[in-house]
Amino acid sequence: MTATSRRCALVTGSSGGLGYAIAESLAAAGHDIVLHGIEEPEMVEPVRAALQARHGVTVAYCRANLAELTGVERLMTFTRETFSGPDIIVNNAVVRHFAPIEQFSHADWQQSLAVNLTAPFHIIRMALPAMRAKDFGRIINLSSHYGQRGAQGRADYVTTKTGIIGLTRAVAMETVGTGITCNAVSPGTLPTPAIMSRIDAMASSRGISREEATREYMKERQPSGRFVRLEDVGAMAAFLCSPAGRDITGTVIPIDGGWSVA
């Protein structure tokens with residue numbers, strides 16, 4: 001596939017972690033990539049260059065604060081000017097706070113709504129006209145197991161991950177029958193730095209090994225007893241963007257080791 005014929009995938013929150021794993025899978029499938037984050041470009045340059053070198057596609061990075069509409073506009077302008085895209089959107093960027101509702105600050109609530117829900121809405125809104133003109137688009141919104149159930153102390157995360165499912169279904173219905181699809185992917189527990197820190201703290205406080213602490217942590221979550229691999233979520237994103245995904249739209253696809261049916 002030549003540089004001019006490759007499609008462009010914009011993955012928000014992709015300077016590391018799950019977003020980067022998704023970008024890796026899409027780059028391996030032959031797509032040019034826009035990485036996004038809030039870090040300075042020089043901090044992201046090593047991973048940007050490595051991704052580009054591994055897969056022979058063009059990878060660019062844009063720093064933008066998605067809590068502000070100006071940041072969303074900056075990201076979309078950058079993507080259009082760099083690649084005439086995006087053809088593929090993965091709304092992955094997320095913030096979360098932990099507090100009971102009566103202690104939840106207005107600022108934290110507004111930030112979560114802005115990044116987790118309002119930014120995906122605006123990104124989709126701005127991208128759809130060009131997708132309709134090409135009669136091609138793949139929109140993937142990252143939800144969560146907590147998008148379909150409650151949890152204590154995380155009202156912002158539960159609310160926004162539930163809301164992103166509603167946005168997914170609405171966009172799917174407005175684009176059904178075209179070359180555009182919109183789906184949500186709902187991962188279970190991932191080995192993110194935040195979760196691994198929690199497990200290490202558990203191991204330290206109880207005087208047990210990390211492996212034992214992991215088993216304890218997972219006991220109340222995924223029946224599989226193991227973490228969902230980041231690369232498996234990336235592989236699902238790549239599948240949805242392939243020709244085989246053309247008639248999959250409006251769905252919520254769990255990748256959670258059986259947690260959603262337990």
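Which residues in H4 meet which residues in H5? In this predicted model, Trp109, Ser112, Leu113, Asn116, Leu117, Pro120, Phe121, Ile124, Leu128 and Arg132 belong to the H4 side. They meet Ala155, Asp156, Thr159, Thr160, Gly163, Ile164, Leu167, Val171, Glu174 and Thr175 in H5. H4 covers residues 106-134, and H5 covers residues 155-175. Their axes come within 9 Å and cross at roughly 15 degrees. Angles under 35 degrees count as roughly parallel, so H4 and H5 are roughly parallel to each other. Their crossing is right-handed.

H1 spans residues 17-28, and H8 spans residues 230-240. The axes of H1 and H8 come within 8 Å and cross at roughly 45 degrees. H1 and H8 are therefore oblique to each other. H1 passes H8 in a right-handed crossing. From H1, the contact uses Gly17, Leu18, Ala21, Ile22, Ser25 and Leu26. From H8, it uses Leu230, Glu231, Val233, Gly234, Ala235, Ala237 and Ala238.

In soluble globular proteins, nonpolar side chains tend to be buried together. Here, the largest nonpolar core has 30 residues. Ile22, Leu26, Ile33 and Val233 touch the most other members. Helix H1 gives this core its largest share, six residues. A second, separate core holds 29 residues, among them Ala64, Ile123, Ile139 and Ile165.

Next comes helix H7, residues 210-219. Which of its residues are buried? They include Ala213, Thr214, Tyr217 and Met218. These four cover an arc of only 130 degrees around the axis, which puts them on the same side of H7. On the other side, Glu211, Arg215 and Lys219 are exposed. The buried residues of H7 pack against helix H6, residues 193-206.

Loops deserve a look too. Leu66 lies in the loop between strand E3 (59-63) and helix H3 (69-83). Is Leu66 buried or exposed? Its relative accessible area is 6%. Buried means under 20%, so Leu66 is buried. Leaving aside neighbours within four places in sequence, Leu66 is in contact with Thr12, His36, Gly71, Val72, Leu75, Ala93, Ala114, Val115 and Ala119. Leu66 and Gly13 are 53 residues apart along the chain. Their C-alpha atoms are separated by 9.5 Å.

The loop between H3 and strand E4 (88-91) holds Pro86. The peptide bond from Gly85 to Pro86 is cis, with omega near 10 degrees. Ser84 also has its place in the loop between H3 and E4. Phi of Ser84 is near 60 degrees, a positive value in a residue other than glycine. Ser84 counts as exposed, at 55% relative accessibility.

One more backbone feature remains. Asp135 is found in the loop between H4 and strand E5 (137-142). Asp135 is not a glycine, yet it has a positive phi of about 55 degrees. With a relative accessible area of 46%, Asp135 is partly exposed.

Notes: Residues numbered from 1 in each chain as written. Predicted model: local features only at pLDDT ≥ 70, side-chain atom pairs only at ≥ 80, totals over all residues. Heavy atoms only, no water. Buried < 20%, exposed > 50% of the residue type's maximum accessible area, 1.4 Å probe, protein only. Helix = DSSP H or I, 4+ residues; strand = E, 2+ residues; numbered from the N terminus. Arc of directions from axis to C-beta. Contact = heavy atoms within 4.5 Å. Core = buried A, V, L, I, M, F, W, Y, C linked by side-chain atoms within 4.5 Å. Axes fitted to C-alpha atoms, helices over the stretch in contact; angles between N-to-C directions. Parallel < 35°, antiparallel > 145°, perpendicular 65-115°, else oblique. Left-handed = near helix turned anticlockwise from the far one by under 90°.
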